[in-house]
Every structure is written in structure tokens, then in C-alpha cells.
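Let's take a friendly walk through this structure. We begin with a single annotated position and then step back to the whole chain.

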Amino acid sequence: AKVAIFISGRGSNMAALLYASQLPEAAYEVVLVAANDPSADGLQLAAAEGVHTFALSHQGMPRADHEAAMEKAARQAGADYIILAGYMRILTDRFVKRWQERMLNIHPSLLPKYPGLDTHQRAIDAGDSHGGVSVHLVTPDLDAGEVLGQMKVAIREGETAESLAERVRYAEHQLYPRILGDYVSRESDPSFLLERVRKLAL
Ligand code: GRF
């Protein structure tokens, strides 16, 4: 499968996805890294690794126009999937529907707990024993699509949001490539194909 990764900043998940795609028998190939911030660190890394990149600031642009330009870049690169990895723009419902079941996101909490921002502080304040990370399908409701996989991360005594975020990131880098690989591989699973044919026939 061919994937376009959308980022807004550091791009450490993008890097984990990219390097995992270079392992033998990887199920996906990164055909584009695109950002809504031309100064996003991850863009430079992707370019240095020889991956096609696209950058367009969203500033002063209507949301739908900006995402249409991002989408066009993804399509031109031949992407079958859009992978959000620290992409900090909310997408319109129309866009999300066009990519339904072909767009994944990673969120730094054990969904359905703590959608939105400040997830680590909220988990610590609630006295939770664990924080964690979820990979989910993107639907029009924020952080509410089907969860494809999760990893728990213990919260220690004296944990700060920063220290927890750092460890959660290690977990993210393990989880995202694995879940993405499994997800795109479903396309070669006979029972999945049968289900798809059934849906088309209805
Ligand atoms: C990650 O914590 C991810 O869960 C969240 O944004 C952060 C992105 O980090 N959605 P990076 O840009 O991948 O380093």
C-alpha cells in the first residue's frame, strides 16, 4: 500500500513509520510527507531520506482549500491512505468522508479517555495508573473513530506531563508502524475482500 503522512512539527512518528517501511516485507511504502507548516522539522528529515515532500502553510487560507491542496498532493503521489502523525489541523467532514477507512491517526491517550489536548496532564490529574496511546480510524468526530490498537504506559510517582509524553512517544513509535502494517494488509485477507464485495453488492 502507498501512504501519505501528514505532519505539523517534529515528525518523530513519521520517522518511525518511514524506517519501519524499510524493513523487509513491510506492507506499506511512504510516498509523501506533507505538512501545513513549511518549517516542520519532519519535512527536512523526510527529504534527506529521499521521500517526496509537500508543504503549504494553512495561514490565510480557507480550511477546505488548504486540505484540498494537501489532498491533491497525496493523490498525485499515488497514496491510497492518509496517515495523520501529529497533524494539528482539523479536517472538514467532507474530506474525512472521502478518506473513510483509509485515514488513520495516532492519539496520545487510551481512548475513549481524553480525546483532545493535554492528555498526559489529564491522566496524571485523574490519578490514573497508566497513560498510553491509541491508533484509530479517523471519523468526523474528533478522536472518536474505531480504535485499531493501543499500548499502555505506566504513570510513575512524581510523573510530569513532559516525562510521560516522552515515554508515550517510545510506545507510539512501536505501535503505529505495526498497526498500520496490519491494517493495510487486511486488503489481502480473503474474508475482508469478500466483505467488501458483499457491501458493494448491497
Ligand atoms: C504525538 O504525541 C501524537 O500522538 C500526537 O502528536 C504527537 C506528534 O509527535 N498526535 P511527532 O510529531 O510525531 O513527534
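## The annotated site

The unreviewed UniProt entry marks His-107 with the annotation "active site"; UniProt positions follow the numbering used here, feature names are shortened, and annotations may be inferred rather than shown by experiment. Please keep in mind that this is a predicted model, in which local features need pLDDT of at least 70, side-chain atom pairs count only at pLDDT 80 or more, and totals for chains, interfaces and linings use all residues. Residues are numbered from 1 along each chain as its sequence is written.

## Around His-107

His-107 belongs to strand 5, residues 103-107. Helices (H or I, at least four residues) and strands (E, at least two) are DSSP runs, numbered from the N terminus.

Is His-107 buried or exposed? His-107 counts as buried because 22 C-beta neighbours lie inside 10 Å; the cut-offs are 20 or more other C-beta atoms within 10 Å for buried, 12 or fewer for exposed, and partly exposed in between, with C-beta atoms placed from the backbone. Leaving out residues up to four places away in sequence, His-107 touches Ser-134, His-136 and Asp-143. Here, contact means C-beta atoms, placed from the backbone, within 7 Å.

## The whole chain

Seven helices and seven strands make up the secondary structure of the chain. Their order from the N terminus is β-α-β-α-β-α-β-α-β-α-β-β-α-α.

Buried residues account for 35% of the 202 residues. Of the contacts between residues at least 6 apart in sequence, 66% join residues at least 24 apart. The C-alpha trace spans about 50 × 40 × 35 Å along its principal axes.

Technical notes: Two residues are in contact if their C-beta atoms, placed from the backbone, lie within 7 Å.
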